[in-house]
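Look at the structure first, then read on.

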Amino acid sequence: MGLRFLRRLTLTNVIIWGMGLAMLAFVVIRAVGNLASGAYGFDTFIRQLIFGLAQGGIYALIALGYTLVYGILFMINFAHGEVFMSGTYIGYFVIAAMDESGFLEEHTLLAVTVVFLVAMATSVIVAVLLERIAYRPLRKAPRLVPLITAIGASLFLQQAFRGLFGTGTKNYPNVHLYVLPQVFGDLEWAVDPETGRRVALGLDLISGRYPVTLWISPWGAVIIRAVVIAAAVALAVYLGLRLSRKFKESEVELSPLGILKWASNNLTPVITILIMAVLVVGQLWSLPGDLQAAQMGDEWLIHRLDGGDFDAVMAGISSDDAQTLSYLDVGPVLVVREDDAETITGPDDLRPGSRVAVTNGGLAEEAAHRLDGVEVVTFHSTKDAFLAVLYGEVDAAVEELPVAAREIEYWRMELVPVGAPIIERPVAIALSPNRDDLAEVLNHALHAVVANGEYAKAYRRWFGVEPAELPFEPDASGESYPDVDLIVIGINANQPPLTTLRETGDIDGFEVDLMEAMAEEAGFEIRWVDVTGSIKLIIRPIYFLVFVAAVLMMLGLFWFVQYTKAGKAMRAVAEDKEVAALMGIDVDRVIVTTFVLGAALAGAAGVLFALYTRQVTHTMGFIPGLKAFTAAVLGGIGNIPGAMFGGFFLGLVESVAPALLGIAPQLKDVISFGLLVMVLIFRPTGILGEVLSEKKA
Amino acid sequence: MLAIRRKSLTTGALFGGVTLFLVAIGTFLVFSGKYVISGAVSLSDALLLMILAGAGFVAAAAGDDAGNAAANGAVSGATVGTFVAVFTLLARSVNLRQIFPNVSPELINLLSFGQEGVGGLMLMVILGATAGALGGLARLVPPRQMGIVLFAGAIVLVVGLLQNAIEDLVTLVDATILLSTGGVGYVIARSRGSELADSLGYGALAGLVVALLVAITLPLGGPEDNALIGEVMIWLQGNAIAVVIAIAVLGAVLGVIARVTGQAEFDEVLRGMGVPIPRPRREDDKTLNAILAGISGVLIGLVAGLVLLLLMAALIPMQREFASMITKSESDLLSAFWLGKEGVGRFVVMALLGAIVGALGGMLTVASGAVHSAGLSLVSTIMILGVLQSAGEVNVPVAIAIAGIVVFVQVAGRSTSMEAATRYNKMPEGKRRTVNLLGLIVAAFLLLMVPQVFNQYITSVLDLVGLYTMMGLGLNIVVGYAGLLDLGYVAFFAIGAYITGILTTPNLVTCGGVRPEAIDPAMIGQVCTGVTTFWVAWPVAMLAAALAGILLGIPVLRMRGDYLAIVTLGFGEIIRLIALSDTFADYLGGAQGITQIPSPMINLSALAGPLSSVPFLEGLAERLREPIVLTSANEIYYLILAGVLIAAFVSFRLSGSRLGRAWMAMREDEDVAQAMGINLVNVKLLAFTTGAAFSGIGGAVFGSWLHSIFPNSFTLLVSINILCLIIIGGMGSIPGVLIGAFVLIGLPEALREFADYRLLAFGALLVIMMLVKPAGLMPPPVRRLEAEAEAIAQEEEGA
């Protein structure tokens with residue numbers, strides 16, 4: 001009966017459960033709240049995902065060292081963080097020397113390989129000495145003794161490096177390892193001194209001066225999102241099926257208490273399902289917010305123009321040295337009531353002492369202050385400024401032309417922009433560096449459409465007034481157009497009224513009208529490429545490198561342990577040292593091998609870590625060491641796939657959780673350690689389960 | 001036949017490697033600035049010699065003859081020397097400083113003994129061989145004697161290192177008076193039987209007589225007459241031979257008289273004083289006996305005279321300044337006390353003092369082993385401090401004197417201690433208790449006197465030691481008794497400190513809505529106070545820490561030991577990060593911490609009124625009118641002392657209680673303990689909570705002592721410090737905690753100039769302790785017995 005369950009419920013259980021539920025509630029409420037409010041965008045998620053995977057890779061590599069040693073000796077090698085540090089530190093001296101001699105620049109790949117080898121060798125030496133001096137004599141001692149020894153060794157190693165090499169922070173040099181120029185041709189450039197032309201260097205894999213900017217198209221975002229959701233749903237369904245089977249088998253009493261009891265026995269899957277549900281709901285919920293948040297700047301258009309994806313870009317871009325003529329001036333204009341449009345046709349018609357509304361900051365305010373003898377009243381938004389005009393509180397407003405047109409259209413206000421821009425801000429069509437030939441065509445076409453009135457028609461349609469004067473004399477004296485078939489034009493349809501998306505999904509806007517008129521005039525085809533809704537990701541390539549390297553090394557280790565003779569011996573020793581020794585396995589040697597493997601991975605992890613953090617100090621091993629241990633426990637200590645999983649999991653949590661839960665990044669370590677405590681409480685054997693021989697557990 | 005073993009070379013190489021490490025971290029250069037023996041031996045010399053001799057010692061095998069031991073030692077030492085020499089050569093030709101910033105030209109110069117060419121390098125090798133050979137020869141000395149020598153060396157080293165801090169503590173005059181009264185009391189009492197009353201009575205009488213003698217000898221007039229003892233000393237030195245002869249003659253005469261008069265008791269007195277009067281061969285032949293006694297008297301006299309001469313030779317710098325020293329000591333409390341009185345008053349004071357000290361000396365003759373050795377340690381400490389004060393520094397003669405004192409006390413102490421213990425054990429229970437009580441009273445008196453005798457700096461170091469002892473006692477319950485490794489102990493310390501800080505500092509509410517930062521710090525005391533005072537805050541802090549202990553304990557105590565360590569470590573970091581974070585900065589101050597924590601205050605002005613009407617207590621009443629503020633280290637000392645005593649008492653009582661036994665059972669084997677009916681979770685929780693409460697009190701005291709707390713005072717290193725000190729002392733041992741605190745907190749605090757190497761030494765110490773002596777310096781009795789049993793078992797196995 002339920003009562004029996006109640007009777008067996010101790011205070012301890014109640015407190016643990018209370019704490020667990022409180023924390024779960026906190027996580028769910030904060031996460032859902034932040035996702036719903038749009039404070040946590042999808043682009044942030046992807047960026048943190050990638051960083052988290054890289055960081056997680058480092059954790060996983062170190063965690064493997066903990067797990068390997070724990071699996072065999074059942075001791076926490078507290079000094080493993082220092083093994084990680086020592087390799088990195090010595091690696092620094094090698095890479096610094098190679099940097100000074102120029103070897104690094106000439107043979108970058110070789111140099112980096114050497115640094116990796118040196119770091120791994122150092123870590124291995126330190127670990128083997130550690131094992132020989134500090135741990136081997138204590139193998140039969142009570143469990144606390146080796147742990148204390150390890151803490152002492154950790155302190156000693158840290159301080160020894162401080163004493164030997166000084167207290168200062170060492171900085172790894174910049175390593176430029178360019179790869180794949182043909183694929184990532186637009187990523188890093190150098191100017192060829194002879195020709196003066198820009199040359200694509202390719203992707204700087206290690207310390208790119210500029211981060212790689214990845215643009216995920218709207219469809220790409222949908223796909224990624226779909227994958228995340230699908231994975232979450234799949235996991236949830238899988239666990240749910242397993243649970244429901246268990247539910248049937250376990251003859252649960254169908255009372256609230258009975259279900260609670262059953263749930264407490266199956267906590268991990270239940271919580272996982274809950275988390276997955278939050279993820280899915282959050283993904284769906286955050287969708288509208290994301291689309292709004294992903295408003296594009298023009299930089300990517302220019303970037304892709306540079307890369308040759310487009311021939312031209314038409315996106316309200318202003319430039320002083322454009323090759324094409326300016327087709328519009330988007331500078332600030334005066335906005336007045338429709339009734340006043342007759343009397344006030346420009347800034348000169350304002351009576352002295354008039355009041356002019358403007359939004360604070362920006363070009364419009366600057367323009368307003370240039371007007372003589374008027375009183376400038378500032379507002380926080382264009383809408384407020386325009387409302388003030390509408391209600392007669394002020395005589396006019398000053399706003400940039402497209403903004404003014406957009407706001408008037410959106411709020412359906414009875415206002416009109418009048419006169420020429422107070423400050424000129426001409427915009428032109430940007431051309432690809434390879435398509436200089438287009439300038440002539442486009443300029444001719446522009447002349448023609450201005451001359452034949454198509455320009456004015458489009459202008460009236462989108463801005464509601466007659467066009468202001470253009471800085472050139474329209475000249476339709478019609479030389480024949482050079483032969484151009486198709487111009488690919490990049491646009492950003494998120495800039496009404498210049499370019500916008502109609503509800504049907506077609507693009508429209510002043511620029512579109514204008515360009516279509518020009519195309520008709522000059523006889524070329526246009527293909528519009530819209531980038532609206534794309535997601536911009538700034539990612540350092542090293543994160544990918546770290547992730548890939550970590551995965552490769554882990555697979556190597558996995559192979560070693562599973563499929564080599566030495567690996568088999570390791571597993572045998574982990575299972576039972578005495579029996580393994582009887583079978584002719586040299587236990588000491590296997591233990592040394594274990595330390596060697598763990599240390600080599602830690603040394604490699606150290607160099608990877610240093611390549612992206614760039615800094616090396618004697619204390620650098622402490623926090624990663626602790627985190628890696630946490631990761632090992634999370635995954636289930638002694639369990640090799642568990643350590644990998646735990647590392648990535650912790651890296652992701654650390655990277656994603658602070659922003660997702662709206663917690664200060666300062667407190668991210670609190671989250672990790674809190675997670676460790678929670679896992680140990682509710683699933684002491686780790687997420688994937690411990691792999692220990694019976695005797696020890 | 002000389003047999004050089006390969007092991008000697010490998011040992012040398014090992015020591016060489018260690019030496020090079022020490023060289024590269026710059027130890028030698030830093031140490032060379034610190035003299036152990038002024039003008040003669042610097043710390044780096046001492047370190048180098050220790051390493052070289054150590055290499056020789058390890059290289060020589062137990063069964064070697066003198067030649068072999070010396071040869072193997074020399075090889076080993078020379079190898080170390082060669083390592084250093086080669087490194088020096090390398091450092092001269094290649095600039096190693098890019099990588100090893102500590103390998104400076106000064107260091108290279110130091111390692112080559114200031115010589116340009118290869119001379120210095122050769123010297124290093126030769127020195128290595130010589131020191132190594134000596135170290136090898138030391139192998140031949142029996143272990144006990146070797147132990148005494150090493151102990152004496154260690155004491156000289158410690159005194160030498162601390163000489164600046166401790167040189168002015170006890171004047172030689174004070175030391176002489178104390179030791180002569182107490183010593184004579186001891187000697188007389190020892191010869192007068194084994195009853196407590198006898199010991200006390202005879203001791204007091206003898207002390208009284210000696211004190212009166214001193215009072216008479218001491219000048220009656222002003223400071224210029226104080227040179228009397230100095231004059232006597234100088235005269236003694238000038239007439240050394242006459243003195244020796246006189247002593248010899250006196251010895252002979254005394255021996256003869258004793259034998260002829262047949263005064264057996266007189267014999268005993270002399271024997272008690274250490275004069276080895278031979279037992280009569282045959283009772284009847286008085287003449288022969290008298291002659292024998294006379295001869296031995298002459299011999300004894302000669303030896304005694306020579307020892308006196310040697311002592312004086314050692315103390316030449318001392319007696320040069322003897323006269324001026326007495327003047328100098330006037331400001332010193334004790335001397336001023338008994339020299340400052342005029343006329344009869346001085347005699348009364350001296351007599352009283354002499355009687356008390358003499359009685360205490362007498363008491364030692366029937367004291368238990370622990371009390372006896374404590375007394376002897378006190379005696380040697382006073383003697384060493386007196387000698388040090390007279391010389392003003394540890395120079396060669398003083399070093400010899402210190403070593404002599406230590407060796408003497410060690411040699412003489414063992415037999416007398418056993419003798420005293422025998423007497424003690426024969427006494428009935430009640431009297432034994434009296435002896436122990438007297439010992440405790442003396443200890444309490446000494447502890448209370450500490451801030452009066454020592455200067456502010458030493459007291460503040462002692463405060464720190466006390467604070468760590470208190471917390472160490474708490475952690476000792478968790479780790480030592482219950483066997484739960486808690487690496488996040490600092491969290492409770494932080495909680496205690498922060499609770500106290502929050503409760504006692506002025507805040508927005510108590511300041512009537514004004515931000516405390518907006519108030520002039522000088523005026524803030526008058527404008528507003530904290531929520532409450534320290535006296536209310538500390539119990540709250542203790543409870544809060546205990547509660548945190550429960551909250552952390554409930555979930556984590558179900559884990560295995562090593563998980564527990566890491567989770568608690570994480571918890572410690574969590575607390576620190578939360579204190580540091582901007583999110584909670586409004587409450588906890590963020591990185592700026594909490595400042596302006598007021599000092600604890602004792603307000604007894606209510607008593608002042610009634611007391612002022614009582615005769616003789618007007619002065620006290622006047623003092624109580626103003627609240628007593630515990631600000632300086634001297635005043636906080638009493639607070640910390642009380643805390644330590646309570647913590648020690650609680651630990652002590654707990655260790656034998658049902659709960660304590662449950663903890664220890666659990667520590668040894670959880671499963672068995674559970675099978676015995678121990679509720680593991682409850683018992684673990686209690687250990688965790690008790691430890692946390694101690695730490696919370698420590699935090700409360702810490703906060704109000706320093707007046708400000710910062711998150712960075714609560715790093716993992718604090719936890720590791722505390723853990724180290726109980727491990728060094730011996731897990732589960734209460735005196736061990738104290739020893740550990742002195743070694744790990746007091747010593748580094750006194751050696752601040754080497755603070756860079758403190759953590760390095762900690763790390764090395766932890767590893768070495770675990771490898772060599774996992775039970776600690778002063779293990780609890782059970783562990784000691786276990787260790788002994790194990791050693792015996794190993795020996796038998798070996799045999």
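## A bridge between chains

In this predicted model, R162(A) and D756(B) form a salt bridge, with their closest N and O atoms 3.4 Å apart. The pair crosses between chains. R162(A) lies in helix α7 of chain A, while D756(B) sits in the loop between α34 (734-750) and α35 (758-772) of chain B. D756(B) is partly exposed, at 46% relative accessibility.

How many salt bridges does the rule find across the interface of chain A and chain B? It finds 1.

## The interface

Contact involves 53 residues of chain A and 50 residues of chain B. Together the two chains bury about 4,400 Å², and 79% of that is on carbon and sulfur atoms. Three residues, I148(A), L155(A) and L164(A), supply 14% of the area that chain A buries against chain B, more than any other three.

Polar contacts between the chains come to 2 residue pairs, both at pLDDT 80 or more. On the side of chain A that touches chain B, α7(A) gives the most, with 16 residues. By class, this side has 40 nonpolar, 9 polar and 4 charged residues.

## Salt bridges within chain A

Over all chains, the whole structure has 18 salt bridges. One joins R461(A) to D513(A), at 2.6 Å between the closest N and O atoms. This pair links distant parts of the chain, 52 residues apart: R461(A) is in helix α17 and D513(A) in helix α18. R461(A) is partly exposed at 49%, whereas D513(A) is buried at 16% relative accessibility.

E131(A) and R139(A) also meet in a salt bridge, 2.7 Å from N to O. E131(A) is buried, with a relative accessible area of 1%. R139(A) is partly exposed, at 27%.

How values were computed: Residues are numbered from 1 along each chain as its sequence is written. Chains are lettered from A and ligands numbered from 1 in the order in which they are written. This is a predicted model: local features need pLDDT of at least 70, side-chain atom pairs count only at pLDDT 80 or more; totals for chains, interfaces and linings use all residues. Side-chain values use heavy atoms; hydrogens and water are left out. Contact means heavy atoms within 4.5 Å. Buried area is the accessible area (1.4 Å probe) that two parts lose on being put together, summed over both. A salt bridge is a side-chain nitrogen of Lys or Arg within 4 Å of a carboxyl oxygen of Asp or Glu. A polar contact is a pair of N or O atoms within 3.5 Å; within protein, one must be able to donate a hydrogen and the other to accept it, and residues adjacent in sequence count only if both atoms are side-chain atoms. Helices (H or I, at least four residues) and strands (E, at least two) are DSSP runs, numbered from the N terminus. Ala, Val, Leu, Ile, Met, Phe, Trp, Tyr, Cys and Pro count as nonpolar, Asp, Glu, Lys and Arg as charged, and the others, Gly among them, as polar. Buried means under 20% relative accessible area, exposed over 50%, partly exposed in between (1.4 Å probe, protein chains only).
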